[in-house]
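Biologist: Please take one part of this model and look at it closely, setting it first against the chain as a whole. I would like the cut-offs stated as you go.

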Amino acid sequence: MTIFSLLMASCGPPRPDHPVIGAKNFTEQVVLGELLAQEIEAKTGLKVERHFYLAGSYICHQALIAGRIDAYVEYTGTALTAILKQPVDRDPARVLDTVRRLYAQKYDVTVAQPLGFENSFAMIVRGDDARRLGVKTLSEAARYAPKWRLGVGYEFEERPDGLQGLSQAYGLKFAAPPRVMDLGLLYRALNQKQVDMIAGNTTDGPIAAFGLTVLEDDKHYFPPYQAVPLVREDALRRWPQIRTALDALAGKISADDMRGMNEAIDGEHRDVAIVVREFRQKRRL
């Protein structure tokens, strides 16, 4: 082999002889990544490598199309707007069809059957504040927002389905520029009254655990966010038995299931692999 060939080979992505599952850098994603990994191991006998805590949707997407990971779980609204740069669409079936078609055409990626739940963005306030002010919707909250401080994750500030569009839709203005922080710190900041509203997710465990209030998106700004596994078609050709594992997971996870697993890890500090194993046993997977 020439020196040039050696250099080119070293620059390419690794090609292990086993599937690699990825996940973004927050609890739910690690749970879903572990669920995919365990299910593939159980149904196929393949060894599965885990590359978790990748920094967000864009990094996961780049890792997928570069072949550094073979699958991860994405949300249809995120795929539609943040990755595919398509206009916001609020019809779940149409969004799923569009995402499936474009991922296959552009990236040689299969969008598997939805796992059974949606995880939308959620604008969240302290329960005491919501009751005191009589606020249930984002439209009602807009009148109080000029006195509030907002906390958001890095992606939400930048995404086309994120803060800028939401602020325009509801006329939201805040007391100061948003505080941008890791997703895991948002609930602590809200409870410690460092901020008054946060951009969380509807399946976050701390919502119920801390008695917080999710403000209704009464203008239906956010698109649907069904959780779906994305898998490289090359990986399915190499290991066709992966389809068996994905089919077994279709429709098996409810929003309550997801909230419970998230809280078991974030609130009870339990091990992710054990929580996922117990869920699989409960669902007889």
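Predicted model: local features only at pLDDT ≥ 70, side-chain atom pairs only at ≥ 80, totals over all residues.

Modeller: Residues are numbered from 1 along each chain as its sequence is written, and side-chain values use heavy atoms, with hydrogens and water left out.

The chain has 15 helices and 10 strands, these being DSSP runs (H or I, at least four residues, for helices; E, at least two, for strands) numbered from the N terminus. Its radius of gyration, taken over C-alpha atoms, is 20 Å, close to the 19 Å that the globule rule (2.2 Å times the number of residues to the power 0.38) gives for 285 residues, so the chain is as compact as a globular protein of that length. Of the 285 residues, 54% count as buried, meaning under 20% relative accessible area, as against over 50% for exposed and partly exposed in between. Among contacts (heavy atoms within 4.5 Å) with a separation of 6 or more, 77% are between residues 24 or more positions apart.

Against that background, α15 covers residues 272-282, and its buried residues are Val 272, Ala 273, Val 275, Val 276, Phe 279 and Arg 280. Seen down the axis of α15, they fall within an arc of 165°, judged by the directions from the axis to the C-beta atoms, so they line one face of the helix. An α-helix has 3.6 residues a turn, so residues three or four places apart point the same way. The buried residues of α15 pack against α2 (27-44) and α14 (255-266), whereas the face turned away from the buried side carries the exposed residues Gln 281 and Lys 282.

The two ends of the helix can be described in turn. Beyond the helix, α15 is followed by Arg 284, whose phi is positive, near 55°.

Note on methods. Buried < 20%, exposed > 50% of the residue type's maximum accessible area, 1.4 Å probe, protein only.
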